[in-house]
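Student: I have the model open and a few things to ask. Can we go through it piece by piece?

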Amino acid sequence: MTGTTAARTYRDYSQPLWRRLLISREAAVIGALALVIIVSMISVRAFAQPITITYLFLDIAPILLIALPMTLVIITGEIDLSVASIVGLSSVTVGVLHQNGVPIPAAALVALLVGLIAGAINGALITMVGLPSLAVTIGTLALYRGLAVGLLGTTAVTEFNKFWTDLAKSKIGETAIPSVVILIVVLALVFGILLHFTTFGRGIFAIGLSPEAARFSGVNVERTKFILFMLSGIVSALAGIYYTLRFGSARGDNATGLELSVIAAVLLGGVSIFGGRGALPGVLAGALLIGTLASALRLANVTSDVINVITGTLLIASVVGTSFLAWVRNKRARPGGTKGSSPTATG
Amino acid sequence: MSISTKPSAPTLELSHIAKTFGSVVALTDGTLALHPGSIHALVGENGAGKSTLVKIIAGLYQRDGGDFTLEGTTVDFTSTAQSKSAGIAVIYQEPTLFPDLSVTENIFMGRQPVKSLGRIDRKRMHTEALGLFERLGVRIDPDRPTQGLSIADQQIIEIAKAISLDAKVLVMDEPTAALSGVEVERLFAVARSLRDEGRALLFISHRFEEVFELCDTVTIMRDGAYIATSPIAETTVDEIVRQMVGRDVAELFPKIDAPIGDEVLVVSGLTEPGEFHDISFSVRSGEIVALAGLVGAGRSEIARAIFGVDPYKAGTVTINGVRVPKRNPAAAMNLGLALVPEDRRRQGLVLESSVGKNATLAIRSALAKFGFITSAVENASARTWAQKLEVKTSALDTEVGTLSGGNQQKVVLAKWLATNPSLLIVDEPTRGIDVGTKAEVHRLLSELAVEGLAIIMISSELPEVLGMADRVLVVHEGRITAEIDRADATAESVMFAATHAEVAS
């Protein structure tokens with residue numbers, strides 16, 4: 001331990017790959033997902049069919065989409081509760097414009113712009129006024145939903161060109177996989193790279209763990225958060241367009257309560273609600289886990305309230321599981337652990 | 001085990017304590033005996049195992065081996081609550097009080113005296129708190145909220161709490177690190193009165209003058225093991241340093257004469273009302289300029305404003321002839337400014353992140369290609385800098401927060417040196433760092449100056465200021481009150497300027 005003149009050497013990782021994977025949260029979620037799929041295929045008769053995949057993806061596409069920016073937002077230590085209301089607002093925008101003769105592509109562009117503005121308002125209140133995101137987005141959750149319902153009242157716009165509604169439900173070639181999966185995969189790659197392989201992403205993690213140290217290292221904390229809330233708004237609007245076309249119905253109360261499913265998927269996927277920790281693959285697995293479980297249970301004729309109970313329990317169990325994993329990790333590698341684990345890698 | 005030559009039996013005795021974390025050995029032979037009516041110093045380099053030993057005493061960690069006895073009986077604490085109720089109190093460097101509660105409420109938190117029907121007896125609490133402060137000889141209003149109290153006062157409250165619990169053993173882990181001279185004296189007076197009451201005190205500090213002033217016995221640790229215990233009267237600073245580092249420290253401040261070049265930084269008329277006023281100075285390449293002064297004089301605020309983390313109302317900052325924009329650390333970094341901040345744990349590092357990520361956080365843009373970056377690229381750079389600064393860790397994915405203070409500071413220095421700055425600001429670069437690493441940091445700064453780096457060093461340690469600086473700027477209440485050349489800088493001249501508004505010259 002005393003100083004020698006020879007240069008020190010440093011390994012990249014203190015533990016071998018298999019061990020890091022074993023105690024990683026992502027591995028646990030992916031494992032759970034595989035388990036649910038296998039058990040469902042064996043025990044639920046209607047599950048092991050191509051149509052299951054079709055409806056699974058059609059149903060959870062909005063959750064998967066919105067979970068992408070939500071992951072980044074939560075890693076900075078913030079939260080966006082207004083996403084489902086932006087879905088509603090975007091849906092109504094498309095509906096009202098289309099009703100007045102605007103073609104779908106143009107209406108969709110306007111809806112995306114509306115989403116961007118909604119996100120920018122969230123971002124401005126949080127980063128420029130300095131209000132907590134929890135309070136701001138609870139407020140805009142009500143505000144945007146109120147606007148959406150106010151614009152269309154209790155009516156719905158349902159006359160959409162069949163081309164567009166069919167497109168939303170279309171499948172990739174002869175497969176059972178819906179086309180929307182292409183959109184999800186592309187956006188997941190974009191957000192995954194943004195989070196894990198860019199300097200912007202490095203800033204996101206630093207902000208989540210220590211905003212002050214991030215600021216002292218030249219990370220523009222406010223701008224980063226502002227951009228993320230805008231991304232959250234625009235992707236939510238995109239999900240709103242999909243939602244509208246998929247069901248062929250623009251309503252002010254579309255996707256009410258969806259924000260909770262999105263946040264559940266993100267947290268289940270191993271993202272820390274306190275910020276600074278998480279990975280996108282885990283979140284995708286988390287969303288798929290919730291969706292698969294729900295679809296298997298539904299096929300097994302379990303009622304939706306029971307499904308909610310199961311999903312909720314799963315989420316709590318996963319949070320407990322995270323604490324347990326952290327405890328295991330502490331015990332193995334860091335001060336704070338108790339006796340046990342014999343030294344494995346010495347010399 | 002009988003190290004003691006005193007007649008009294010030790011209040012607390014640790015012998016051959018071992019503690020490992022996975023494959024990391026923190027303690028191999030922790031041995032310590034605290035006697036009643038004695039103030040015992042525990043010294044050692046960062047990473048020597050002092051903190052681990054204290055945490056075992058506090059019940060935060062459990063020992064893997066060895067004996068731990070309290071008044072002759074073996075104890076196995078599994079929580080801090082157990083050690084507290086057994087009569088052990090630990091005062092940390094930064095106390096953890098409830099800021100919105102009153103001083104009294106903090107002292108009696110969780111064990112408030114009650115009247116009938118479980119109503120809290122506020123009157124009794126108030127009287128007891130007053131009594132405690134009287135015993136300690138300090139004046140703190142028991143009814144005021146703890147928010148806004150100085151760290152020194154907060155420590156006194158922690159001590160009052162400990163006494164009200166009738167603690168037999170009081171452990172003070174670097175209590176003086178953030179205190180001013182007067183506050184240190186008051187803390188020492190309190191410590192002495194507790195000693196005279198027959199309690200056993202353990203004092204951990206990196207400042208030898210304090211150890212010699214306050215303590216009667218000293219135990220030295222190195223590399224997780226006990227080295228020696230001796231009465232203060234029978235040892236010297238040199239002897240302790242030799243035992244701590246296991247070798248002779250040749251020179252504490254190996255200042256090399258560096259060729260002074262052109263002006264790198266020019267600060268002119270920098271003003272932020274309430275913080276600092278009309279700050280003007282320049283720094284040349286190869287020059288180390290010290291900002292000296294009392295804690296709270298506004299030195300760190302000036303540094304943060306120059307770097308752009310804090311705002312300023314008037315004035316300009318120019319580096320290599322280019323204006324540095326206000327409130328834009330990223331732009332300042334691009335222009336060649338670097339700041340090693342005062343609060344290493346909160347501002348300097350992302351503690352829960354890895355060594356590799358921390359060492360490259362400030363240069364992530366330079367490492368990236370078109371904004372894209374990978375761990376492989378980061379680790380390659382981090383490895384180079386970790387090697388240059390000899391950071392003690394085995395893997396780059398080690399959480400920085402688990403390293404010792406000295407090694408954490410090396411990571412912060414690596415992080416900023418990697419940006420290849422033309423001006424480096426170091427704010428209290430050696431606070432809470434052991435002697436060996438301290439000398440390394442000083443040598444490094446000196447070498448960097450020789451290579452042409454302009455350096456601003458903020459330090460509250462006079463020997464460091466006098467040993468390292470080419471020029472000393474003394475800040476008093478937000479103004480530069482004196483500029484003293486290396487040749488004229490003495491402890492007296494700097495202290496005089498630091499405590500007086502105007503210097504007659």
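Student: How many residues does helix α16 of chain B have, and how far does the helix reach from its first C-alpha to its last?
Tutor: Helix α16 of chain B, residues 435-450, has 16 residues and reaches 23 Å, close to the 22 Å expected at 1.5 Å a residue. The expected span is 1.5 Å times one less than the number of residues. Helices here are DSSP runs of H or I with at least four residues, strands are runs of E with at least two, and both are numbered from the N terminus.

Student: What sort of model is this, and how is the numbering done?
Tutor: This is a predicted model, where local features need pLDDT of at least 70, side-chain atom pairs count only at pLDDT 80 or more, and totals for chains, interfaces and linings use all residues. Residues are numbered from 1 along each chain as its sequence is written, chains are lettered from A and ligands numbered from 1 in the order in which they are written, and side-chain values use heavy atoms, with hydrogens and water left out.

Student: Back to α16(B). How many of its residues are buried?
Tutor: 12 of the 16 are buried, so α16(B) is largely enclosed by the rest of the structure. Buried means under 20% relative accessible area, exposed means over 50%, and partly exposed is in between, with a 1.4 Å probe and protein chains only. The buried residues include B:Lys438, B:His442 and B:Leu445.

Student: What follows α16(B)?
Tutor: B:Gly452 follows, with a positive phi near 105 degrees.

Student: What about helix α12 of chain A, how many of its residues are buried?
Tutor: Helix α12 of chain A, residues 258-268, is mostly covered, with 9 of its 11 residues buried. Among them are A:Glu259, A:Ile263 and A:Leu267. After α12(A) comes A:Gly270, whose phi is positive, near 100 degrees.

Student: Which residues other than glycine have a positive phi?
Tutor: B:His16 is one of them, at about 55 degrees, and B:Asp166 is another, near 60 degrees. B:His16 is in strand β1 of chain B, residues 12-21, and is partly exposed, with a relative accessible area of 42%. B:Asp166 sits in the loop between α5 (151-164) and β7 (169-173) of chain B.

Student: New topic. At what angle do helices α7 and α11 of chain A cross?
Tutor: The axes of α7(A), residues 162-169, and α11(A), residues 221-247, cross at roughly 110 degrees and come within 7 Å. That makes α7(A) roughly perpendicular to α11(A). Axes are lines fitted to C-alpha atoms, for helices over the stretch in contact, and angles run from 0 to 180 degrees between N-to-C directions. Under 35 degrees counts as roughly parallel, over 145 as roughly antiparallel, 65 to 115 as roughly perpendicular and the rest as oblique.

Student: Which residues make that contact?
Tutor: From α7(A) they are A:Trp164, A:Thr165, A:Ala168 and A:Lys169, and from α11(A) they are A:Tyr242, A:Leu245 and A:Arg246. Contact means heavy atoms within 4.5 Å.

Student: And the two chains, how much area do they bury between them?
Tutor: Chain A and chain B bury about 4100 Å², 54% of it on carbon and sulfur atoms. Buried area is the accessible area (1.4 Å probe) that two parts lose on being put together, summed over both. On the chain A side, A:Tyr10, A:Arg202 and A:Phe216 lose the most area to chain B, together 22% of what that side buries. By contacts, 39 residues of chain A meet 52 residues of chain B.

Student: What does B:Ala368 touch?
Tutor: Not counting residues up to four places away in sequence, B:Ala368 touches A:Thr199 and B:Ile373. B:Ala368 is in the loop between α13 (364-367) and α14 (375-389) of chain B and is buried, with a relative accessible area of 14%.

Student: Last one. Is B:Gln408 buried or exposed?
Tutor: B:Gln408 counts as buried, at 2% relative accessibility. B:Gln408 is in helix α15 of chain B, residues 405-417. Leaving out residues up to four places away in sequence, its contacts include B:Arg344, B:Leu351 and B:Val400.
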